[in-house]
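I opened my notebook to record what I looked up today. The entries follow the order in which I checked things.

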Amino acid sequence: MEARTTPAQSGGDVLLVFSERFGGHATPAGHPERPARATVMATVARRWADGGGAVAAPDAAPAGALLRVHDQLHLETIAGTAGRSVRLDADTFTAPDSEEVARLAAGAAIRAVEHALAGATGVAFVRPPGHHAERDRAMGFCLYNNVAVAAAHALSRGLDRVAVVDYDVHHGNGTQWMFYDDPRVLYISLHQYPFYPGTGAAGDVGREGGAGFTVNVPLEAGAGDADYGLVFDTAVAPILEAYGPDLLLVSAGYDAHDRDPLGGMRVSTGGYARMDGVLRGVAERCCGGRLAVVTEGGYDLDALEACLAGTLDVLAAPPAPPPASPAGSTRRAEAVLAQVRRAQAPYWPAL
Ligand SMILES: [Zn+2]
């Protein structure tokens, strides 16, 4: 199944994991998380392959891999939708093939991790997204929590420190709660706040042994490249370096883009590329380059296409120092960083 071609045209060893089957999860007319998103992913994947990039098709995640983060009843609920169209919550739907497609999405995240464990970069272009899916239920367009399945898979392979950075405009409630008391998974989220799903306050830092291993950066609507740049340079990268992960995962949601119809943020395509560049640098310094990117949201098709291509370009380019901090107002970042420092000071004193 694997259509491996010559190594990527430049620097890094990047494997793109993608399946045309991701278009098979149909949603009702007008739904933003629509099959056309998979068409965009296919276009970017084809261009990547034409340029010499490696592409692999995923296998469906086995039940055992899903059960590391979901309960049995949830698997039965999703399996029970096979062959039918079901409304699972106000904005989460299945079509006849959705359960199969969702298993492939989780399997793609696992495949990206497997590639990353060899000291390389795995990128999974998937839908449906995953970070709102909870242990016991589908939520917010998400059926299985792809990035959480990936993190749990990495733990099962013997790693004991996995970091997840989530720059989707929405808070990844599912990922947060799955690892809320687990110091083996550091979850860092930047998100619009207050906003759907309502979670992700700065004071939510994890509990018991996991205290300090959840870092929420709830940004006011309107934050742009300079805000995200400042948060990355002064909080995300320093916390990651202090934690020293064995593997870095990215919940790559592109709905903080200025063009996105759902999000209220102003991140540009270049702003996203810079975040990816910072994360790549951290992975090279902290964990031998082990980096796996799993897509989440992103509902403007032009922005999605540009950002997906930009992510691949940054990760495959020869290593370079991160570009300078983007210019512009950092008022929103400064406001949230004060809250984050207050909440996280007991755990990350160098912040
Ligand atoms: Zn989102």
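Below are my entries on a core, a helix pair and one glycine.

**Ground rules.** I am reading a predicted model, where local features need pLDDT of at least 70, side-chain atom pairs count only at pLDDT 80 or more, and totals for chains, interfaces and linings use all residues. Residues are numbered from 1 along each chain as its sequence is written.

**Core.** I looked up the largest nonpolar core, which has 116 residues. Such a core is a set of buried Ala, Val, Leu, Ile, Met, Phe, Trp, Tyr and Cys residues joined through C-beta atoms within 7 Å. Buried means that 20 or more other C-beta atoms lie within 10 Å of the residue's own, with C-beta atoms placed from the backbone. Leu16 and Ala109 are among the members that touch the most others. Helix H4 (residues 98-116) gives the most to this core, 11 residues. Helices here are DSSP runs (H or I, at least four residues), and strands are too (E, at least two), numbered from the N terminus.

**Helix pair.** How far apart are the axes of H8 (residues 269-286) and H9 (residues 301-316)? I found 9 Å, with an angle of about 30 degrees. H8 and H9 are therefore roughly parallel, a label for angles under 35 degrees.

**Glycine 253.** I found glycine 253 in the loop between strand S9 (247-252) and H8. Is glycine 253 buried or exposed? It counts as buried because it has 28 C-beta neighbours inside 10 Å. The C-alpha atoms of glycine 253 and aspartate 182 are separated by 24 Å.

How values were computed:
Buried ≥ 20, exposed ≤ 12 C-beta atoms within 10 Å, placed from the backbone. Axes fitted to C-alpha atoms, helices over the stretch in contact; angles between N-to-C directions. Parallel < 35°, antiparallel > 145°, perpendicular 65-115°, else oblique.
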